[in-house]
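Please look over the sequence and the model below before reading on. The notes that follow are grouped by topic.

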Amino acid sequence: IHSGAATTVDTWVSSGLCDLGLAILYGDDPPGMRVETLLGMDCVALLPRAHRLAGARQVRASDLEGEAFISFPLGSGPRERIDQVLTAAGVKTRTVLESDLGASVCSLVAAGLGVSVINPLAALEEQRHLDFEVRTFKPAIRVRLALLLAPDAPHSRLVSTFKEVVRGVIESELDHIRPYRS
């Protein structure tokens, strides 16, 4: 088992290093890859506990004008998609830190260093042991949890079993993200 950003997982699968990948996709399917979407979700806003928006039910893009923002690296799928939404809303944030790991983004928000927008799986997993607020974000930024397979990959029993287990875990253990499913 290897872990990395979606583009890294795509490379591992397409090169044959891995039989399949599990990734959060912020946009179109990776080219030349067979994609099986398991779950559609909407990104959430992350706020430090003492933030002025912490009492709000939802955070709109316009609420983030001028905010210290913790972002993903330039050129990454999450960064491009989130920046598109903020730009379309005419919102300018101040990017103060970047990280390509959702866990790091959550830790930085919990430390009070800024706000962010991220997929709900990462946010709600990290919220179990970090102190920050999670709010619905509008306009919705749809992301997908998906299996990535090379188009010519053989259908092995191991891969089929893994896919079944992943689907079972999603149904039985991810009920806590129901408000963010789309």
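In what order do the strands of the open sheet of 3 strands stand? The order is S1-S9-S2, with antiparallel pairing, where strands are DSSP runs of E of at least two residues and helices are runs of H or I of at least four, numbered from the N terminus, and two strands pair if DSSP finds at least two bridges between them. This is a predicted model, in which local features need pLDDT of at least 70 and side-chain atom pairs count only at pLDDT 80 or more, while totals for chains, interfaces and linings use all residues. Residues are numbered from 1 along each chain as its sequence is written, and side-chain values use heavy atoms, with hydrogens and water left out.

**The open sheet**
- Strand S1 (21-25) and strand S2 (34-42) stand at the edges with a single partner strand each, so one side of each has no neighbour in the sheet.
- S1 and strand S9 (residues 142-149) run antiparallel and are joined by 5 bridges, and alanine 23 stands opposite alanine 146 in S9.

**The parallel pair**
- Strand S5 (residues 68-71) runs parallel to strand S6 (residues 94-98), and 4 bridges join them.
- Serine 71 is found in strand S5, and its bridge partner in S6 is glutamate 98.
- Serine 71 is buried, with a relative accessible area of 2%, where buried means under 20%, exposed over 50% and partly exposed in between, using a 1.4 Å probe and protein chains only.
- Not counting residues up to four places away in sequence, serine 71 touches Arg79, Thr95, Leu97, Glu98 and Ser99, contact meaning heavy atoms within 4.5 Å.
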